[in-house]
Amino acid sequence: MRLINFGVGEISDRLSILALKLLHGTEAEKDVKHWRDEQNVLLPKITTRALGWSWFVNYTELAAVNATIWQGEDQLRGYRKLSPSLIEVNCPDILSVAFRLQELNDRRAELIEAINKETGDHIGPEKC
């Protein structure tokens, strides 16, 4: 992870994405060692801290949001393969998926920030 001032929120986000990559990569019979190695580096950064339970509720929603984002992105990739005339016909659905992805990414950022606040990793204007 190459982030500056990252906290448990960003680590949680990355771990949930790694879980998706590991699942899909394994199912596709791809080499997932690099993702497993990254997971093994990140897990101790969470498991060695006394975080309590409140952050975990947000983490489970974050994992679900990330999975839904992946599904929406796959849906958009499918639309991108259509001919221009079919894209035009499907435009309302395409816009709906795109706008939903924006909402999900906004929720993702809110959850990451909430986790950081709950775990004392919030870096706001007062700490800059």
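Predicted model: local features only at pLDDT ≥ 70, side-chain atom pairs only at ≥ 80, totals over all residues.
## Overall shape

Residues are numbered from 1 along each chain as its sequence is written, and side-chain values use heavy atoms, with hydrogens and water left out.

## Helices and contacts

The protein chain has five helices and zero strands, so its elements run α-α-α-α-α from the N terminus on. Helices (H or I, at least four residues) and strands (E, at least two) are DSSP runs, numbered from the N terminus. Take contacts (heavy atoms within 4.5 Å) between residues at least 6 apart in sequence: 72% of them join residues at least 24 apart.

Helix α2 covers residues 33–47, and its 15 residues should span 21 Å at 1.5 Å a residue. The expected span is 1.5 Å times one less than the number of residues. The end C-alpha atoms of α2 are 21 Å apart, which agrees.

## Buried residues and the core

Buried residues make up 33% of the 128 residues in the protein chain. The cut-offs are under 20% relative accessible area for buried, over 50% for exposed, and partly exposed in between, with a 1.4 Å probe and protein chains only. In α2, the buried residues are Trp35, Glu38, Gln39, Leu42 and Ile46, and what covers them includes α1 (8–27) and α3 (54–80). Asparagine 40, also in helix α2, counts as partly exposed at 45% relative accessibility.

The largest nonpolar core has 23 residues, of which Val8, Leu15, Ile46, Trp55 and Ile115 touch the most other members. α1, α2, α3 and α5 (91–118) each supply at least two residues of this core, and α5 gives the most, with seven. Such a core is a set of buried Ala, Val, Leu, Ile, Met, Phe, Trp, Tyr and Cys residues joined through side-chain atoms within 4.5 Å. Leaving aside neighbours within four places in sequence, leucine 15 is in contact with Gln39, Leu42, Leu43, Ile46 and Tyr59.

## Salt bridges

The whole structure holds seven salt bridges, each defined by a side-chain nitrogen of Lys or Arg within 4 Å of a carboxyl oxygen of Asp or Glu. One of them joins arginine 108 and aspartate 13, with the closest N and O atoms 2.5 Å apart. This pair links distant parts of the chain, since arginine 108 is in helix α5 and aspartate 13 in helix α1, 95 residues apart. Aspartate 13 is buried, with a relative accessible area of 8%, whereas arginine 108 is partly exposed at 22%.

Other pairs sit within a single helix. Arginine 77 and aspartate 74 meet at 2.9 Å, N to O; both lie in helix α3, three residues apart, about one turn. Arginine 77 is partly exposed at 38%, and aspartate 74 is partly exposed at 47%. In helix α5, arginine 107 and glutamate 110 are also three residues apart, so about one helical turn separates them. Their salt bridge is 3.1 Å, N to O, and Glu61, Arg107 and Glu110 are linked in a network of salt bridges.

## Aromatic rings

Where do the rings come together? There are three aromatic pairs, counting rings of Phe, Tyr and Trp (its six-membered ring) whose centres lie within 6.5 Å; planes under 30 degrees apart count as stacked, over 60 as edge-to-face and the rest as tilted. Tryptophan 55 and phenylalanine 56 have ring centres 5.8 Å apart and planes at 80°, so the pair is edge-to-face. Tryptophan 55 is buried at 11% relative accessibility, while phenylalanine 56 is partly exposed at 35%. Ring pairs link Trp55, Phe56 and Tyr59 into a cluster.
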